[in-house]
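Welcome! Work through the exercises below with the model open beside you, and try each task before you read its solution.

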Amino acid sequence: MEGHSNVHRDGEFHHHHSHGASTHHAGDHHLLQVEGLTVAFRMYDDAASEGEGRRAEGEGAGGPSDGSSKPGRIARWLRDARLFLAAPQREVPVVHDLHVSVHAGEIVAVVGASGSGKTLLADAVMGLFEPNALVSGTVYFDGKPQDASSLAALRGHGISLVPQSVASLDPLMRVGRQVRGFARGGDDAARSARQRQLFARYGLGPEVERLYPFELSGGMARRVLLCCALMDNPKLIVADEPTPGLDLALAQAALADFREFADGGGGVLLITHDVEQALSVADRVAVFLDGTVVEETAVESFRSPDLLRHPFSRQLWHALPEHDFAAAPARSPEAGATAEGGQA
Amino acid sequence: MLMVAVSMVVFSLVSLSPVDPVAANVGQAALSGMSDEKLATLQAYWGKDVPLVERYASWVSGLLRGDMGDSLRFNAPVAQVVAQRAANSLVLMGIAWLASGVLGLALGIAAGVRRGGAADRLVKASCFVLAASPTFWVALLMLIVFGVVLGWFPIGFSAPIGKAAADVTWLDAFHHLALPAITLSVVGVANVALHTREKTIDVMGSPYVRFARARGESTGSVVIHHGLRNLVLPALTIQCSQIAEIFGGSVLVEQVFSYPGLGQAAVSAGIGGDTALLAGIALVSAALVFGGNLVANILYGVVDPRMRKEYSRG
Ligand SMILES: Nc1ncnc2c1ncn2[C@@H]1O[C@H](COP(=O)(O)OP(=O)(O)OP(=O)(O)O)[C@@H](O)[C@H]1O
Ligand SMILES: [Mg+2]
């Protein structure tokens, strides 16, 4: 059997991405692989329903039933009701044909503008969707294709999420209890010890355990969420914007922890709109634009724009503070916004 | 403060009512055969010509001494009648309040967790029917089905007929209480259940439940660990605002089941022109509803950590 690492040569294109020199191939396979992910939302289409209503109205006026007669009114009312119930819906595509992968032992940063669908990628990996989402594509974990139920089984038992929203903590439960979680058959004493250790690591005193989420600052809540993910000893961490609200030292501590976690053989999918941060810690960068990954490349490629394949990646490069702003080909205002976000 | 206002309103309403104390006491037949002289004496005795404010003052001063006057219908001090009746009613309403709260919470959660599922449709449909049914009608239906047709429960009163009060056991009392209490609970369930259902849908879609799921918690675990604690408080609020409604329902239910509680006494006092008793009951019920809401508010502060911390800080 030919080993996976044999196939990889530096910079070679493979599975839609090129590998960096430092990429570890611990398991000889992808820890996480997302293939052809497409997410659309079913939404009521106001414009379409009005159009249809008007069309039906026109037909009614030309038809035999006189709108002013009683049966005519009832018929029209029934038709309107039917139109309403038939719910003219529209599918709004948000993510399309997305490919991304994470090897064991590496951090892959997903960078892209706000609203481009990064959180939806995280949702797909966790197998959690809004009821109105239409999803297709395949998620492989540890080389095996997953379905909804196997992804559900992996939540908290292999894949852990650091959610984007600080509202992800139960407002009526003490923080310590939440971090320890409700895993079946867990060793309570061991979990308590681990929770204290994590709290200490992130500068959360023992008194924080007894606080409720409303008593935490934004940065404290972020650290608590981080502790939640690390608590469950995952193989893969999906971190959705884990650092906003943290001061530089704490943000760096969190990133260093991800690095250490990856060096220990774990995988991290780090979602961020901070390109600088991504470059400082990641092995590879997936550039996200308008609902898909346009380029998945080694961090080293960001040394020079010539190594970057996609114009948007080059734009990101130019927007980095140490590079020449003026040289950035101004294409979309969105890119500018991303760059500002990166500096902040 | 509130009670002062209530006492004034109660007194004016009762005084304005067309009930003639002399007629109410003496009876129609005796009244028509009575001499004018005697009538005048009686009217003076009942204070017919004393101005309203003066009568109010004497009533209130009596109240403050614990004297609520005498009941004509029951031929006993109002305080005594009210105390005995209130005990019966409080047990009835307390059970109904608790049972409808717990049942409503459970049904609401069951419905809300699987929105649109079979349980949801069943709960929603029955709650709409219940919310739309008049209390006395439900009470009559229960009485007919469980009391008359099935014969599981006695059809009225708080103890077996013809049994000496000393011989009445707890079991007897409970047996007689059951049907009115069940009826009152069933009537009160719809409101809590529907509110809890809405809340459950919110909670199940909240970021913290989503995150709990992302950490591998099953639906059952989510409901137990995060659902309940976030749903009990809103349910409690609804139940507190329901105290007055349960009280209103108890008047009808007591009437249908001839259950000797405050509500039934109020009805017979009203029909019999027993103004002193009527005023006394009105006052006590206002105090009960007010007290219930107060207790509930305090309870709320104790249960919700956000409120609790505010209290301890403020
Ligand atoms: N339930 C939903 N129904 C309809 N549209 C949705 C739904 N959830 C998300 N969207 C849309 O999908 C798009 C992508 O959302 P997503 O949360 O993934 O963005 P993001 O890249 O994570 O942005 P940010 O950096 O601000 O977190 C947005 O335009 C959003 O409006
Ligand atoms: Mg997001």
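A salt bridge is a side-chain nitrogen of Lys or Arg within 4 Å of a carboxyl oxygen of Asp or Glu. This is a predicted model in which local features need pLDDT of at least 70 and side-chain atom pairs count only at pLDDT 80 or more, while totals for chains, interfaces and linings use all residues. Residues are numbered from 1 along each chain as its sequence is written, chains are lettered from A and ligands numbered from 1 in the order in which they are written, and side-chain values use heavy atoms, with hydrogens and water left out.

**Exercise 1. The charged links**

Find how many salt bridges there are between chain B and chain A.

Solution. Step one: apply the rule to the two chains, and the count is 3 salt bridges. Step two: look at an example, B:R215 and A:D232, whose side chains meet with 3.4 Å from N to O. Step three: turn to polar contacts, pairs of N or O atoms within 3.5 Å; within protein, one must be able to donate a hydrogen and the other to accept it, and residues adjacent in sequence count only if both atoms are side-chain atoms. Between chain B and chain A, 9 residue pairs are in polar contact, both at pLDDT 80 or more.

**Exercise 2. The area between the chains**

Work out which residues of chain B lose the most area to chain A.

Solution. Step one: buried area is the accessible area (1.4 Å probe) that two parts lose on being put together, summed over both. Step two: for chain B and chain A this is about 2,200 Å², with 58% given by carbon and sulfur atoms. Step three: on the chain B side, B:R210, B:F211 and B:R215 lose the most, together 32% of what that side buries.

**Exercise 3. Two domains of chain B**

Solution. Step one: an automatic or database domain assignment sets the bounds, giving domain 1 (2–67) and domain 2 (85–313) in chain B. Step three: check for charged links between domain 1 and domain 2 of chain B; the rule finds 0 salt bridges.
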